[in-house]
Amino acid sequence: MKIQKVTHQSYLLSNNKGKLVIRRTRKRFSPKILIDCTIETTVIVSLLLTGFSGVGAMGCWGLEIIETNANPNIIISGWQQQKSICLGAMLVSFSAFLGSSLVGASFSIQRDKF
């Protein structure tokens, strides 16, 4: 997380009637930076989860076909349920990706003052 540094100057009198300058830097918390980092993390995690869920759904689909060809008496396969779960997770995570990308884009447009 990035924290803004603010420099303050304070003047102290020394014994030889000169001014002594002391610079202090304070770390100031900025909520905009926290929001940006949160949105960026959400976008990356949701995109990765979408990809992994898609790969899992394709794997379950292939195993469902293998199981159906091996035993044609199976009506509902366990792999079909797993495939549906992976596809649902993929849909939810892709929706999170689109939503967080939209929110991040709207924040950047507001900052640029179009």
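Trainee: What is the mean pLDDT of the chain, and what share of its residues reach 70 or more?

Mentor: This is a predicted model, so confidence is the place to begin, and where pLDDT is low, the predicted coordinates should not be read in detail. Here the mean pLDDT of the chain is 81, and 75% of the residues reach 70 or more. Confidence is lowest in strand β1, residues 4–13, with a mean of 49, and highest in α1, with a mean of 92.

Trainee: Which elements does the chain have, and in what order do they run from the N terminus?

Mentor: The chain has two helices and two strands, and from the N terminus on they run β-β-α-α. Of the contacts in the chain with a separation of 6 or more, 48% are between residues 24 or more positions apart.

Trainee: How do I judge whether a residue such as S46 is buried or exposed?

Mentor: One looks at the relative accessible area, and buried means under 20%. S46, which lies in helix α1, has a relative accessibility of 5% and therefore counts as buried. Its contacts, leaving aside residues up to four places away in sequence, are with S93, A96 and F97. S46 and L98 are 52 residues apart in sequence, yet their C-alpha atoms are 9.0 Å apart in space. The side chain of S46 also reaches the backbone oxygen of V43 at 3.1 Å.

Trainee: Which residues does S53 touch, not counting those up to four places away in sequence?

Mentor: S53, found in helix α1, residues 31–70, touches C86, A89 and M90 when those sequence neighbours are set aside. With a relative accessible area of 8%, S53 is buried, and its side chain reaches the backbone oxygen of L49 at 2.9 Å. For the chain as a whole, 16% of the 114 residues count as buried.

Trainee: How many disulfides does the count come to?

Mentor: A disulfide is a covalent bond between the sulfur atoms of two cysteines, and the rule asks for sulfur atoms within 2.5 Å. By this rule the count comes to zero. C60 is in no disulfide, since the nearest cysteine sulfur, that of C86, is 4.5 Å away. C60 is buried, at a relative accessible area of 9%, whereas C37 is partly exposed, at 27%.

Key:
Residues are numbered from 1 along each chain as its sequence is written. This is a predicted model: local features need pLDDT of at least 70, side-chain atom pairs count only at pLDDT 80 or more; totals for chains, interfaces and linings use all residues. Side-chain values use heavy atoms; hydrogens and water are left out. Helices (H or I, at least four residues) and strands (E, at least two) are DSSP runs, numbered from the N terminus. Buried means under 20% relative accessible area, exposed over 50%, partly exposed in between (1.4 Å probe, protein chains only). A polar contact is a pair of N or O atoms within 3.5 Å; within protein, one must be able to donate a hydrogen and the other to accept it, and residues adjacent in sequence count only if both atoms are side-chain atoms. Contact means heavy atoms within 4.5 Å. pLDDT is the predictor's confidence in each residue, from 0 to 100.
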